[in-house]
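Please read this short briefing alongside the sequence and the 3D view.

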Amino acid sequence: MDTALSIAIQKSGRLSEKSLEMIRSCGIDVNADSRVLKASASGFPLDFLFVRDDDIPQYVADGVADIGIVGRNEYDESGFDLEIVRDLKFASCRLSIAVPHDFEYKGLKSLEGKRIATSYPRILTRILKENGVNAEPVVVSGSVEITVEVGIADAIADLVSTGTTLKMNGLEEAECIYRSSAIMIARHDMKAEKKALLERLLERLDAVMLARHKKYILFNLPKDKLSQAASVIGGMKSPTVTPLMDEGWVSVQSAVDEGRFWAVFEELRRLGAEGILVMNIEKMTE
Ligand code: PRT
Ligand code: ZN
């Protein structure tokens, strides 16, 4: 049988849909309707294992799966030594210290001697230690935000994205101590055949991720404004320039960073650009 790479992804939760979507955008299809434990893909030799996110680092470490997609928080908390092959930059969140309103928080030192409830004792302990703070982690597996109210902790360290959960439970986000997003992990000692498959997968993934942060623009420009326009666009080796029937004008096309898009757009308008057309890029390489 031909070698296939196996990937562990979250069965159902905050990471599941995005993980599948990323893989699908690499031209790899998997039937996830019948989300059983295992499935094979079409379009690439990839086997899927749908599991709880907490188990993903362990499965990869044990060789049950070759690679996995998991929150950085779960990986760091697991304590396994794996390779982080990519930061996939979705499911971003932060681990924050939160305190009740009457707690006078003045930095991590305020936590000296306090009980801090968390589901991430390893990460919390490391950070407290780095900051020379002695506090007592109270380990809970869920509903961390109610521990202060019920009297088993003085403060908490929990994942936050919008902050609504903290507010609803009468807590204030005091300080972000750690940032997380979804990452792809792999074992260090993968066989050469599997490593080659992973490289192929990563090449596709990089093309997808790069394209997500770019827009493709096409516009007509008075020829004498070309060098100014090129410096506005920046980044790329050179924009593609095509002559137009009217000899005083050219047609220009280029990829532009999404974050700079509006600034570039306004500057091009100022230079006299006309017929500006903007498109999403599906895939791209540097
Ligand atoms: O069943 P399984 O074990 O697989 O899933 P799970 O319930 O353990 O994990 P899941 O699906 O909730 O989260 C998976 C991963 O998503 C986490 O490990 C993080 O890496 C990431 N992530 C991103 C988050 C959040 N954002 C987040 N907001 N994980 C949890 N939360 C919690 C937060 O702690 C709070 O209680 O969601 C609640 C709402 O957050 P606010 O701040 O938006 O109100
Ligand atoms: Zn979990």
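Domain bounds here come from an automatic or database domain assignment. This is a predicted model, in which local features need pLDDT of at least 70 and side-chain atom pairs count only at pLDDT 80 or more, while totals for chains, interfaces and linings use all residues. Residues are numbered from 1 along each chain as its sequence is written, chains are lettered from A and ligands numbered from 1 in the order in which they are written, and side-chain values use heavy atoms, with hydrogens and water left out.

**Domains**
- The assignment divides the chain into domain 1 (5–91 + 181–210), domain 2 (93–179) and domain 3 (214–280).
- Between the C-alpha centres of domain 1 and domain 3 there are 38 Å.

**Zinc site**
- D53 (OD) and D54 (OD) coordinate the zinc ion (ligand 2) at 1.9 to 2.1 Å. Donors are N, O and S atoms within 2.8 Å of the metal (3.2 Å for Na, K and Ca); water is not among the atoms, so sites may look incomplete.
- The arrangement around the zinc ion (ligand 2) is irregular because its 4 donor atoms subtend angles of 75 to 176°. Four donors count as tetrahedral if all angles lie between 85 and 135 degrees; four count as square planar and six as octahedral if opposite donors are over 155 degrees apart and all others between 65 and 115; anything else is irregular.
- D53 is buried at 16% relative accessible area, whereas D54 is partly exposed at 36%. Buried means under 20%, exposed over 50% and partly exposed in between (1.4 Å probe, protein chains only).

**Cysteines**
- The count of disulfides (pairs of cysteine sulfur atoms within 2.5 Å) is 0.
- The sulfur of C93 has its closest cysteine sulfur in C176, at 9.6 Å, which is too far for a bond.
- C93 is buried, with 17% relative accessibility, and C176 is partly exposed, with 29%.
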